[in-house]
Amino acid sequence: MKYIKLSVLLCAMISFFPAELWGQDADEITLESMVTDHEDNPVANAVIFGDGSNVIRYTDLFGRFTITVPVNSTLFVSADGFISRELIAEAGLEKIILERDSIGQMVNIAYTKVEKRDLPGAISILNPGEYINEDYSFSVTDGMTGRVGGLLWSDNIWGMEDALVMIDGIPRNFGDIRLDEVEQITILKGVNAVALYGSHAAKGVILITTKRGEANNRKVSVRASTGLATPKLFPEYLGSAEYMTLYNEARNNDGLQPLYDDKTINNYRNGNRFRYPDIDYYTTEYLNKYVYNNDVSAEFSGGNKDARFYSNLGWTNNSTLLNIGEGKNEGDNRFNVRGNVDLNINDFISSTIDVSAVLSNSRRGLVDYWNSAATLLPNKYAPLIPIDMIAPDSVDALLLAENSKNIIDGQYILGGTQENMTNPVADLYVGGYNRYISRVLQVTNGINIDLNRLLKGLSFHTRFNADYYNSYNQSINNEYSVYTPTWDSISDSEIITGIEKYGNDARPGTQNIAGTAQTRNLGFSMQFNYLRSLNEIHNLSAILLASGTSITRSRVYQPSTNTNLGLQLGYNYDHRYWVDFSGALVNSTKLPEGNRSAFSPTISLGWLMSSEDFLAGASSVDHLKLNASAGIVNTDLDIQDYYLYENIYTSQGWFSWYDAAYSNQAATSMQGANPDLSFVKRKEFNVGIEGAFFKRLICLQTTFFLLRMDGLPTQRFSQYPNYFSTLVPYTNYNSNQYTGVDVMLNINKKAGEIDLNLGINATYASSKAIKRDELYTDDYQNRTGRPVDAIFGLVSDGFFMDETEITSHPKQAFGEVQPGDIKYTDQNGDNIIDERDEVEIGRWIDPFHYGLNLSATYKNITIFMLGTGSTGGNGMKTSDYYWVDGDNKYSEVVLDRWTEATRNTATFPRLSSQQNSNNFRYSDFWMYKSNRFNLSKVQITYNLPSGILSKTFVRALDVYAMGSNLFTFSKNKDIMDLNIADAPRFRYYNLGIRISF
């Protein structure tokens, strides 16, 4: 904890890092000037201040400003998107011209940064500063949604999950950072782009670069938003009377006697709700109509050429839906502080220090409320028993109730039974609470040495990081008694004549600490970089690096390590032709000695086609570049455990000699040894095009990719007899292929006074199992040649209508069937329907994903809309909400069950009070299409005119209203919007303000 406090203190100091102290000069000059670009366009909101004054001025809409500073002092001028300038404050300074920083937009890639025009292929870039004010998101994952081609979701690139997340070049987590701390997000998709990061980058890299201070450009920005969220959909369960009626029907279908008589059912329909409970845990009796959320952050940055600083402080919190007992105290709080300093120690050595801390605290009642709500029968018991319904002459019952230590609201005792000695309502009122507390501290130090004196263009860089994650549960655990009432009816009144107590009341007041988890991430890298331009035509680059990371987790013996040597060699001719070689010598402790190292070579080529003569006269083509890359990355990511290459034994089983009177414990082989086990290989070829057309009206980036993950470890049981099953070694045999194309298209158009920007991105990613060790009797069950995420199941053919149809149909081997049960297709004609009749019926992941974002700005108002969608995949309705049998709680889906009266219209099989393995198994009966389009966000932003602010200390002021996760358009939206046994999905509505100084 002391390190967390130190980091917070350090970041707070950075936040108020002092600028140079100004002295007073007797001679001052008042300057009236304007700031423009090279085309004489005014630059609004430029910052002007001097080193001899504490006065800061901002240009108005026409680029004009007035400032008084000491004569001959240094005047600093900066503006977003322009290169800063330093000038002497003297008479005659009527116009200041700033150069745009377009060519110099630098893109962060593996271990370096390059100009955007020199970027290799299969890389996408997001600069959140360009859109966060019109599309505000707290999280980085939300800030990427719908904006990047090739990114199916937060960590899925080209259909491969578990992309590596790097924050400032260090393996970290999305939860460690908020979007307004981010300067740039680089999505490294291609094999050449990820090679230098080694083995752990084989599924792609999401490289997040945080903001840093700029010399002579002091900034202060504060943002605050508040809002609420409403549930999109709750499960619909049947009430007590309906449940009891249909449960009787289920028993009747099974040849059993009804459990509830008509009088009892009617009492539960119309009677006293405490004696005949009909509990719906999704009503406002227990839940709020909405939850609230708040978000506040502040940013500070600035400095000079020798020292620059940046700091971000943020706080977010939200409530939960529960509105009784401890539920009213539930909520999440997150506090973050990040600070960094860039120091020029001398003219050739510089250093960076980065510190980040995140403190999170989540409080919850000691109850699994949502699971209880989805499983507890509505007629089971009343969670609360009113004391005033105890008969006055039932002295013992009154005394027992009044002596309870847990009287709720002065009028209720806790309900339950001997079999059910807890209930979720009681848990919330008196069960206690749990705090989940997590702390994150991250420290990074870099040293940069300019070695120009030894060799022009040479530099040396080191980076060290030490990250610590700690979490634990802090709880107060109480015990409580429940009471079962004995009811009677006297003079048409319902009264309690006796109560039975179960359990004990105890509030020990002891604070319990449990679930402690710790993670330590230590890393170090050093590299030589060489960057040289000869005659401004021949441009050379090279990197030689060594990098190592070790992540240690509590209760896990083996640390997760990644070590590699890297080499990059690049050349471009006049920024027209590019060639890049990137390779890494990787190492893995998951493999046997002799196979623990491998070299990963990749190459990338680029050609600026628009610079050639045959396109020189094409006025419609502003920029057209062709990229291609290929290579192999060796990885151990798909090697799931250590020592897979060893012969592993375990002490399971027993043996005895023929004449022995007792048994001896046996050592049993679990797997055979394979000293040749080696890396999985990502083999890839991709080709891409990027272009700008019609004076940059249209900007396009697209990549076609073909990659294989070869040598996935598996035990090849098909090659051994059954009695050798415990001796089968792991070998590099299985192979998966991923192919597809991603597209990013932007259209920018000014229509009168309206600025329009339309962004379209789409990804088609298809997977195929190329090799599998399999030995199915029927070829149609082979996974080879099918999607990696293929769903296998039975093909349904309606319901059995009568016994005659059951008799004439192939026998279904999943238990006795009756009319109303699901009928399946016999795939192999053996007149038996069993697991051999399972075929490919769908796929889990939608192969086609897309996003649309549209912004329209009229004067000072911007309207932004974001839509996302996917198509081609499937889902399965397999939760207890749909698979209703036994004594499960009945949901609304059973209302369309099969009966003799509904045999021609039913959409749900007959009810059964037994376990029905025939109906409730994977089949296309339960499958649905997951095609959808989401209206993910709408935001309206108003920017206060700069003319109003020009005479104030406020640089910019925005107010906005936002709605997110708004609507799902899909045939099956109710299925996809529904959460079972968990908190519901929400629609969010927020109001916010941003002020810059």
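**Figure 1. Burial and overall form of the predicted chain.** Of the 997 residues of the chain, 51% count as buried, buried meaning under 20% relative accessible area, exposed over 50% and partly exposed in between (1.4 Å probe, protein chains only). The model is predicted: local features need pLDDT of at least 70 and side-chain atom pairs count only at pLDDT 80 or more, whereas totals for chains, interfaces and linings use all residues. Residues are numbered from 1 along each chain as its sequence is written, and side-chain values use heavy atoms, with hydrogens and water left out. The secondary structure comprises 12 helices and 54 strands; these are DSSP runs numbered from the N terminus, helices being H or I of at least four residues and strands E of at least two. The C-alpha trace spans about 100 × 75 × 65 Å along its principal axes. Among contacts (heavy atoms within 4.5 Å) between residues at least 6 apart in sequence, 70% join residues at least 24 apart.

**Figure 2. The salt bridge between D135 and K937.** The structure holds 37 salt bridges, each defined as a side-chain nitrogen of Lys or Arg within 4 Å of a carboxyl oxygen of Asp or Glu. In one of them, the side chains of D135 and K937 meet at 2.9 Å, N to O. This pair links distant parts of the chain, 802 residues apart: D135 is in the loop between strand 10 (123-126) and helix 2 (140-144), and K937 is in strand 52 (residues 932-943). D135 and K937 are both buried.

**Figure 3. The salt bridge between D638 and K203.** The closest N and O atoms of D638 and K203 are 3.3 Å apart. D638 lies in the loop between strand 33 (621-635) and strand 34 (648-650), and K203 in the loop between helix 3 (191-194) and strand 16 (205-210), so the pair ties together parts that are 435 residues apart in sequence. Both residues, D638 and K203, are buried.

Figure 4. The side chains of E285 and R273 form a salt bridge at 3.7 Å, N to O. E285 and R273 both lie in the loop between helix 5 (262-270) and strand 18 (291-303), so the pair ties together parts that are 12 residues apart in sequence. E285 is partly exposed, with a relative accessible area of 42%, and R273 is likewise partly exposed, at 47% relative accessibility. Elsewhere, salt bridges that share partners join D135, R147 and K937 into one network.
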